[in-house]
Each structure stands twice: as C-alpha cells, then as structure tokens.
Amino acid sequence: MGRINEDIQRELSALLRRMKDPRITGVVSVTAVETSSDLHYAKVYISVADKSDTKQVFAGLKSASGWLRRELGQALSLRYTPELQFIQDDSIDRGAHILEMLRDPSVVKPANPANEDIVLDDDKE
C-alpha cells in the first residue's frame, strides 16, 4: 500500500503541474495520499501556499477529479483507479510556525546554561 500511495502522490503532483484550470494557481503540493485497502478511494492531502486561493483551488480540483482519475489510471497499472477525495493539509504551515518558535530565543531557552555563549552560524550575520 505504501508503494501505491507514493506512486499516486508522484503522478498527481506531475498532473497538477500540467493542469490548465485557471482556478489552480500558485504553489499547490500533494503532501500525502491514503488509499483504502480495496483501492476504491484515495484521500489526497493538498497544501496550498496562498491561503486566499484555497477555496478556488479545491473547487478546481473537485471539477477536474474525473480527468485526474482517468490520467492516473493510464499512468499506473492498478486493478482499480481510486476515486479521489481532496483534503486540505496545513502541516507545512504548522511546521513553519513550530520552526519559527524554536528559533525565537524568548520562547526557547538553552537547555544547558553553559551553552548560552555559543554562537550559531545563523547568528553571525
């Protein structure tokens, strides 16, 4: 199942770059795919960089799901081509927020007070 999920993710990422729908703009990433065990359904997790376009991007993906499914069926030799369900994924934003917090010295204190004088490469600038 893991290989099938990776293959579907790779193919959908390539297909999204080829789409000509004007609603699908900006950076749209396929972050994960979860396929049901019978291969009839696939949850496709999508991350959109520009949050103001999220609604129209998902409307475009929903309307193009038939085309995406057909192209996916031609690219992969599976017994069934799964029905695609697009789900918004904000894990990239959450990860960026956590990284920002970790870099903020007022939020994260050094674990060892002896390390307070260490200068990191990022701090030299």
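**A guided reading of the predicted model**

E71 is a buried residue, with a relative accessible area of 16%. The value falls below the cut-off for burial, which is under 20%. E71 forms a salt bridge with R70, and the closest N and O atoms of the pair are 3.3 Å apart. R70 itself counts as partly exposed, at 46% relative accessibility, because that class lies between the limits of 20% and 50%.

The protein chain contains four helices and three strands. Read from the N terminus on, its elements follow the order α-β-β-α-α-β-α. Of the 125 residues in the protein chain, 29% are buried. The accessible surface of the chain comes to about 8,800 Å², and carbon and sulfur atoms hold 50% of this surface. Among the contacts with a separation of 6 or more, 61% are made by residues 24 or more positions apart.

The strands are considered next. Strands of a sheet pair through backbone hydrogen bonds, in either a parallel or an antiparallel manner. Here, three strands form an open sheet in the order β1-β2-β3, and the pairing is mixed. Its edge strands are β1, residues 28-35, and β3, residues 83-88, each of which pairs on one side only. On average, neighbouring strands of this sheet are turned by 30 degrees against each other, direction ignored. Strands β1 and β2 run antiparallel, with β2 covering residues 41-48, and seven bridges join them. Within this arrangement, V33 stands opposite V44 in β2.

Leaving aside residues up to four places away in sequence, V44 touches L12, V30, A32, V33, L84, Q85, F86 and I87. In soluble globular proteins, nonpolar side chains tend to be buried together. The largest nonpolar core of this model has 24 residues, and those with the most contacts inside it are L12, V44, I46, L61, L68, L84 and F86. Two or more residues of this core come from each of α1 (2-18), β1, β2, α2 (54-63), α3 (65-75) and β3. Helix α1 gives the most, with five residues.

Helix α2 also contains K62. Is K62 buried or exposed? K62 is exposed, with a relative accessible area of 65%, because exposed residues are those over 50%. The C-alpha atoms of K62 and Q85 are separated by 8.0 Å, although the two residues are 23 residues apart along the chain.

The charged side chains complete the account. Side chains of opposite charge can pair when their charged atoms come close. A search of the whole structure finds seven salt bridges. In one of these, D7 is joined to R3, with the closest N and O atoms 2.9 Å apart. D7 and R3 are four residues apart in helix α1, so about one helical turn separates them. D7 is buried, at 15% relative accessible area, whereas R3 counts as exposed, at 57%. A further salt bridge links D90 with R94, the closest N and O atoms being 3.3 Å apart. D90 is partly exposed at 37% relative accessibility, and R94 is likewise partly exposed, with a relative accessible area of 49%. Salt bridges that share partners join R3, D7, R10 and E11 into one network.

How values were computed: Residues are numbered from 1 along each chain as its sequence is written. This is a predicted model: local features need pLDDT of at least 70, side-chain atom pairs count only at pLDDT 80 or more; totals for chains, interfaces and linings use all residues. Side-chain values use heavy atoms; hydrogens and water are left out. Two strands pair if DSSP finds at least two bridges between them. Axes are lines fitted to C-alpha atoms, for helices over the stretch in contact, and angles run from 0 to 180 degrees between N-to-C directions. Buried means under 20% relative accessible area, exposed over 50%, partly exposed in between (1.4 Å probe, protein chains only). Contact means heavy atoms within 4.5 Å. Accessible areas come from the Shrake-Rupley method with a 1.4 Å probe; for residues, only the protein chains shown count as cover. A nonpolar core is a set of buried Ala, Val, Leu, Ile, Met, Phe, Trp, Tyr and Cys residues joined through side-chain atoms within 4.5 Å. A salt bridge is a side-chain nitrogen of Lys or Arg within 4 Å of a carboxyl oxygen of Asp or Glu.
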